[in-house]
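Subject: Structure for your review

Dear colleague,

I am handing over the structure we spoke about, and I would be glad if you could look through it before reading my notes. The sequence and the structure come here, and my notes follow them.

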Amino acid sequence: MIRSINTLLVPIPTIREHKLACTVMREQVLVLVHIQTEDGYEGWGEATTIGGLSYAEESPHSIKTNIDTYFTPLLLKEQPASTAKAMQLLSLHINGNRFAKCAIETALLDIEGKRLNLPVSELIGGRVRDRIEVAWTLASGDTATDISEAKQMVEQKKHRIFKLKIGSNPILDDVAHVLAIKKALPDCRITVDVNQAWTELDAMQGIGLLQAGGVDLIEQPISMRNQAGLKRLKERFDVAIMADEIVHDPQNAFQLAANHCADVFAVKINQAGGLKAACLIGQMAHLAGIELYGGTMLEGPIGTAASAHVFSTYPSLNFDTELFGPLLLTDDVLAQPLDYQTFGLTVPTGAGLGIEVDKDKVYHYAEQGGVILPKLSESKKYPAET
Ligand SMILES: [Mg+2]
């Protein structure tokens, strides 16, 4: 029996400004779900998104309101007997709200795993790898700062794959920035994420130059509404084109995979609507011959651990992951931080998510409650439908 479901907004400052095409982040508001059962088990889930409403269509506040108003009363009343039955119930009564559904499923799987003494990875298909490589995102906005940050990361054996957030500057400036970094780090894989900022015509120019400069992967160059355009770019260029924002639930991923709209899918547990949905997307992509990349909504350690369990089950993960969210935050909400070393993250092996949440700290941050939203002047609208 579920006794309680608490949804907490937990703002934590970032270690530096994190500049994306759509916003500048100075803190991340973790949306944490804490479920307790009558027989003494507890589970945690996370529904974090990026930059208020600037990135996705659900905000930390809308997620919390919807869980408190609709999810919690339904689950407490119906008391589903398993995680699968709970998710079936939610899909029957609640449209959309993929982030909230993901957090609830994660917390219930955490409980189920603890009850059965199995890691979550074994409840969702079974892990085939215990370690995953983790890329770092360079997003200080300054080329020299990014190069020194990257060199430090390589030296300390933290990361050797770097993703650059571009799209908010003129194309030629962005390309010069990326190629300077590629030249300074010739042995590292360099990828770019445009976060939908380019028109298709911009993309033809930008991708051509980046491909010639040896960039390894281009992520979501154009609007998520322009599916046909993404396919055209994929067919036009040899460099791998990755679909990110455009990949939502399994149904939409099926369409994209069937039409082979990209070379690589970035899969995110929150965008997918849960852990099992993210596993399903991974399987479909694999069957369609599309490569996989483990994405992040810059979740803290709870969502990151959940993502690691999912990505550990993928038959192949040739483009690795970007599960660096906890490393971007100035504080950790776990009693024991996740195990990042030698360019990667070890998938937790304990029961459930395999993590211990520092409850006092979580509730302390949540009580502070001061949520700083990105300033309007720094938010940039996505390009109009193309
Ligand atoms: Mg992206």
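This is a predicted model: local features need pLDDT of at least 70, side-chain atom pairs count only at pLDDT 80 or more; totals for chains, interfaces and linings use all residues.

The domain assignment divides the protein into domain 1, which covers 2-118 together with 354-368, and domain 2, which covers 123-346. Taken over C-alpha atoms, the centres of domain 1 and domain 2 are separated by 23 Å, and the contact draws 43 residues from domain 1 and 50 residues from domain 2. Between them the two domains bury about 3,700 Å², with 64% of that area on carbon and sulfur atoms. Of the area that domain 1 buries against domain 2, 18% is supplied by Arg-16, Tyr-55 and Arg-98, which is more than any other three residues give.

As for polar links across this interface, 20 residue pairs are found in polar contact. Several elements build the side of domain 1 that touches domain 2, and those that each supply at least two residues are strands E1 (2-19), E2 (24-37) and E3 (42-46) along with helices H2 (83-93), H3 (98-116) and H13 (359-368). Helix H3 gives the most to that side, namely ten residues. Sorted by class, this side of domain 1 has 24 nonpolar, eight polar and eleven charged residues.

Side chains of opposite charge can pair when their charged atoms come close. The structure holds 21 salt bridges, and the count between domain 1 and domain 2 is two. Another salt bridge joins Lys-361 to Asp-331, with 3.0 Å between the closest N and O atoms.

Turning to the metal, which residues coordinate the magnesium ion? The donors are Asp-193 (OD), Glu-219 (OE) and Asp-244 (OD), at 2.0 to 2.3 Å, and their spacing in sequence is D-x25-E-x24-D. Asp-193 lies in strand E7 (residues 189-193), whereas Asp-244 lies in the loop between strand E9 (240-243) and helix H9 (250-258), so the pair ties together parts that are 51 residues apart in sequence.

Most residues other than glycine have a negative phi. Gln-79, however, has a positive phi near 45°, and this residue sits in the loop between helix H1 (60-78) and H2. His-260, which is likewise not a glycine, has a positive phi of about 50°, and its place is in the loop between H9 and strand E10 (264-267).

With best wishes

Definitions and conventions
Residues are numbered from 1 along each chain as its sequence is written. Side-chain values use heavy atoms; hydrogens and water are left out. Domain bounds come from an automatic or database domain assignment. Contact means heavy atoms within 4.5 Å. Buried area is the accessible area (1.4 Å probe) that two parts lose on being put together, summed over both. A salt bridge is a side-chain nitrogen of Lys or Arg within 4 Å of a carboxyl oxygen of Asp or Glu. A polar contact is a pair of N or O atoms within 3.5 Å; within protein, one must be able to donate a hydrogen and the other to accept it, and residues adjacent in sequence count only if both atoms are side-chain atoms. Helices (H or I, at least four residues) and strands (E, at least two) are DSSP runs, numbered from the N terminus. Ala, Val, Leu, Ile, Met, Phe, Trp, Tyr, Cys and Pro count as nonpolar, Asp, Glu, Lys and Arg as charged, and the others, Gly among them, as polar. Donors are N, O and S atoms within 2.8 Å of the metal (3.2 Å for Na, K and Ca); water is not among the atoms, so sites may look incomplete.
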